[in-house]
2 protein chains.
Amino acid sequence: MPTQFDPPSGTRDFLAAECDKREWAFGVLREVFAEYGFEPLQTPAFERIDVLLGKYGEEADKLVFKILRRGEHEASGEADLALRYDLTVPLARVAAGRGSQLPVPYKRYAMGPVWRADRPGKGRFRECVQCDLDTLGSSSPLADAEVLCAHHDAMARLGLADFTILLNSRHVLAGLLEAFGVPEELGPGVLISLDKLDKLAASQVVAELTGRGLAERAAGDLVEAMTAPDAGERIRLALRRSDAGAAGLDEVDRLLGLLDGQVPHGRIAFTPRMVRGLSYYTGPIWELVAAGVPGSIGSGGRYDHLIAQLGGPDVPATGTSLGVERVLMLLGPPPAARPGRLDVAVPVLADDLAAQAFALAAAARSAGLRASVYLGASAKLGRQLRWAAEQGARWCLIYGHAERQDGVVTVRDMASAGQSRVAHDAVAGYLAERAGRDPARPAARAAAGGGDE
Amino acid sequence: MPTQFDPPSGTRDFLAAECDKREWAFGVLREVFAEYGFEPLQTPAFERIDVLLGKYGEEADKLVFKILRRGEHEASGEADLALRYDLTVPLARVAAGRGSQLPVPYKRYAMGPVWRADRPGKGRFRECVQCDLDTLGSSSPLADAEVLCAHHDAMARLGLADFTILLNSRHVLAGLLEAFGVPEELGPGVLISLDKLDKLAASQVVAELTGRGLAERAAGDLVEAMTAPDAGERIRLALRRSDAGAAGLDEVDRLLGLLDGQVPHGRIAFTPRMVRGLSYYTGPIWELVAAGVPGSIGSGGRYDHLIAQLGGPDVPATGTSLGVERVLMLLGPPPAARPGRLDVAVPVLADDLAAQAFALAAAARSAGLRASVYLGASAKLGRQLRWAAEQGARWCLIYGHAERQDGVVTVRDMASAGQSRVAHDAVAGYLAERAGRDPARPAARAAAGGGDE
C-alpha cells in the first residue's frame with residue numbers, strides 16, 4: 001500500500017546497505033570494462049523528444065516519460081524532452097555528432113538509469129540501471145567474442161558462478177527455417193514458438209506451430225530434431241543443408257573457438273532454439289541465464305545497421321547488455337563490506353573535551369577507519385557506549401579528564417569490553433595495528449568506495 | 001551553435017576522460033564521507049509533483065521539469081511527476097516515510113544529478129550533480145563541526161588547496177542589525193547589501209544602504225566598522241552589546257574551537273558580512289570560496305526546521321552542499337590516471353592465431369593491465385602497430401606462426417621499439433614485473449575505477 005512518503009510508483013529509495021552494494025557492483029563492472037579497453041560514455045537523463053520517439057516502435061513510445069515544455073509554453077501541454085528509454089539511442093546520437101573524435105573502433109560502456117512507464121510489478125521498475133557494452137566500427141567476429149568475454153568476466157568477478165551463455169546466430173535461425181521447409185511468412189512466428197521449448201512440452205510447441213499454420217509434418221520434424229537426445233548433431237546436419245545454416249554454424253563455431261580457454265566449457269552452449277525477439281540483430285546472438293531466474297540476466301548480439309536506423313552513422317556494431325538489476329538481486333553483500341556504521345566511536349564526556357574528541361576521530365580516520373564523535377545530548381558514558389554499540393563500532397576511544405591528565409586514551413574493545421590505556425599520540429598507530437592495516441597506506445584509501453580487505 | 005546531434009540545451013555528454021575524472025572525484029567523496037560514518041542515500045530521479053512544488057518558492061517552481069501523465073491521460077497536458085530539483089526535498093520525504101528505520105542521528109550523503117530549467121549559460125547547466133552531506137536529529141554544535149570538517153577533508157583529498165571557509169551565524173547577523181540600530185523591516189535588505197562588501201567599494205555599499213532607507217549615520221557606522229583595519233575586534237565588541245550578537249559570537253567561537261587542529265588556521269575565517277541568502281538557516285552558516293572562482297564552491301549551515309517545512313519530521317538538522325560541478329572545473333586529471341586507452345595491444349596476424357591472441361590479452365589483464373586484441377580488418381603487422389600506438393599502448397604482444405613454433409611471444413616496447421622474446425606462459429609475470437606490479441594483487445583491482453599507483 002503506497003503512502004504519501006513512498007517514492008513514485010515503480011521507483012525505489014536505496015538506503016545505505018543497498019547503495020553500498022550497488023556502488024560496489026558498478027565499480028567492479030567499470031574495472032572489468034576498463035581492463036578490456038572499453039571507455040565510459042555518459043549522456044544526459046533526457047533527450048530531445050524527436051531523438052527518442054519513433055525509434056522503439058509504437059508500443060514502446062507509449063512508455064516514454066515525456067517532459068512538459070516550460071515557462072509560457074507549459075500551458076500548451078506539449079512535451080519537448082523525454083527521459084532516455086535505453087542507452088543505445090543516446091549512443092547513436094553521440095556517434096553521429098562526435099564521429100570524428102571517437103576512436104575506431106569505438107569501444108564504450110554506459111551505465112546509468114533508464115526510465116520506462118511499464119506497469120510496475122514484482123522486480124519490474126520504472127527507473128532501473130542499464131549497463132551496455134558496445135563496439136562500433138568493427139565487423140570482426142573478434143569484436144563479438146570480446147564483448148561476450150568481457151560480459152562473462154564481469155559476471156564472474158561479481159561472484160556469479162551459476163550462469164550459462166546461450167549462443168546462437170540469426171543465420172542459424174534462417175537456416176533452420178529453410179532446412180525444415182518453413183514458409184517465409186511463417187518464419188517469425190515459428191521462431192517465437194520454438195523459443196518456448198525450454199518452458200513448454202514438445203507436444204504443446206507442435207500444437208502452437210500448427211496453430212500458426214505450419215504443416216503438421218514440418219512442425220513435428222522440427223520439434224523432434226530440436227528435442228531428440230542427439231539434437232545437437234541432428235540440428236548441425238540439418239543446418240549444413242542450407243547456405244544460411246552453414247554460415248550460421250561457422251559463425252557460432254568461430255565464436256566458440258575464440259572463447260575457448262576464456263569461458264569455461266560448461267558456461268557456454270550453442271542453443272539453436274534461442275531467438276532473441278529483437279529484429280535488429282544481424283549475426284551472433286546470446287543470452288545469459290541463471291539457475292532459478294526466469295528470463296535472462298543479460299543478452300546481446302551483432303546489430304550491424306541499428307545505429308544508422310537510430311540516427312547514427314551506418315557502422316557495424318556488436319554489443320551486450322548486462323541485466324544489472326537482476327544480477328544485483330542474485331548477489332549477496334559485497335565481499336569486502338565492513339559491518340556496522342563505524343569502526344571507531346568517540347564519546348564526548350564534557351564540553352571542554354569535545355575538540356580532543358574530534359582530534360581522536362581524525363586520528364582513527366588517518367588509520368583508514370570509519371570514525372565519528374557522539375552527537376547526542378547525553379554526557380553519560382553509559383549512554384554513549386550504547387550508541388557506540390548501535391553503530392557496530394569495534395572500538396571506543398574514551399577520553400575524560402582523568403585520561404587528559406595522564407596523556408592517554410582508554411581504548412575499549414567493544415566485543416570483549418576489555419580496555420587498554422594507550423598514549424594519546426600513539427592511538428592512530430595502535431588502531432591501525434589492531435585493524436591489521438598499514439597506517440602508511442590505509443586500506444580504505446587504497447580501495448575507492450570504502451572497501452576493506 | 002547547437003546541432004541536431006548535440007545533447008539537449010544545458011546538458012552535456014561526457015566522453016572517457018571526463019567520465020574517469022568525475023568517477024574518481026565521486027569515489028574520493030564517498031570514501032571521505034564513509035570514513036566519517038555518513039551513509040549513502042539514493043532516491044529516484046523524479047518525485048510526485050506535489051512532493052516537489054511549493055517547496056522552493058514560486059520562481060523556483062517555474063524551473064522544475066514536469067513530466068506529462070501517460071497513456072490516456074497524456075492528452076490532458078497535465079504533469080504528475082517532476083525531476084528532482086535538489087537533494088533535500090527527497091531527504092525530507094525519506095525521513096518522513098522511513099523515520100523509525102533510520103539511525104539517530106541520521107548522517108547521510110547523497111550525490112547525483114538534479115535538474116533545473118535555468119537559462120543555460122557559461123558554467124550553468126540544466127543537469128548537474130549535487131552532493132549533500134547532512135545530519136538529521138542532532139542539535140549539537142559538534143554536528144555542525146563534523147559536516148564542515150568532512151567537507152573540508154573532502155576538498156583537501158580531491159587536491160584542492162587554495163580555498164577558504166567563510167564562517168558566520170544567523171545570530172551574528174541579527175546581532176549586527178540590533179547593535180547598529182537597523183530597523184527590523186530593513187534587516188533583510190541591509191544584509192543583502194552588506195554581503196556585497198567583497199565586491200563593491202565601501203561608499204557604494206553605504207549608498208545602497210541609504211537607498212534602502214537606512215539612516216545615513218547608521219549606514220556609515222556599520223560599513224566603517226566592517227571595513228576598518230581592526231574590523232574583527234570592532235565587530236566583536238559591537239556584537240557583545242546585544243544578546244543575539246553575543247550568542248552568535250559564542251556559536252562561531254565554539255565551532256572555530258572544535259575545528260582547531262582539523263582545519264588549518266588560514267583556511268577558515270569568521271566573516272560577519274557573509275549572509276547566505278537562504279532564509280531557512282537557523283544557526284551557523286558557511287561558504288567555501290576559492291581564489292579566482294566567482295561565487296562559492298560549497299556552502300551550508302544549520303537549518304533546524306526546514307525538514308518539517310519540506311514535509312518531513314521536525315528534527316534539528318545541519319548540512320553542507322559541495323559545489324561538485326564547480327570543484328570539478330578546478331581539478332586537473334585524477335592523480336592516478338593511466339595514459340592512453342590500453343596498456344597492452346595484441347595484434348592478430350592470422351585467423352588461426354586469433355584464439356591465442358585472446359588468451360594473451362587475458363594474460364595481460366590478469367597482470368592488472370588494460371589489454372585488447374586488434375579488431376580491424378588488416379592482417380598487416382605495420383597497420384596493427386600503428387593502431388597499438390594510437391591506443392597509447394606501452395607494449396605489443398606479437399604472436400605469429402614463428403612465435404607459435406618456438407613457444408614464445410615477442411613483446412615489443414612501444415616507446416623504444418625494442419623487442420624481447422618471452423616464453424609463452426611467462427608473459428603475464430613478465431608484464432607484471434615490467435609494470436612494477438605484484439601479479440598476485442594487481443593495482444587495477446585494488447583500486448576500483450581503474451586507478452593506478
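Reader: Which residue follows H8(A), and is its phi positive or negative?

Author: Gly213(A) comes after H8(A), with a positive phi near 105 degrees. This is a predicted model, where local features need pLDDT of at least 70 and side-chain atom pairs count only at pLDDT 80 or more, while totals for chains, interfaces and linings use all residues. Residues are numbered from 1 along each chain as its sequence is written, and chains are lettered from A and ligands numbered from 1 in the order in which they are written.

Reader: Which residues of H8(A) are called buried, and which are exposed?

Author: Buried means 20 or more other C-beta atoms within 10 Å of the residue's own, exposed means 12 or fewer, and partly exposed lies in between, with C-beta atoms placed from the backbone. Val205(A), Val206(A) and Leu209(A) are therefore called buried.

Reader: How do you know on which side of H8(A) they sit?

Author: They cover an arc of only 105 degrees around the axis, so they share the same side of H8(A). The arc is taken from the directions from the helix axis to the C-beta atoms. The face turned away from that buried side carries the exposed residues Ser203(A) and Gly211(A).

Reader: What do the buried residues of H8(A) pack against?

Author: They pack against helices H7 (187-194) and H9 (216-227) of chain A. Contact means C-beta atoms, placed from the backbone, within 7 Å.

Terms used. Helices (H or I, at least four residues) and strands (E, at least two) are DSSP runs, numbered from the N terminus. Two residues are in contact if their C-beta atoms, placed from the backbone, lie within 7 Å.
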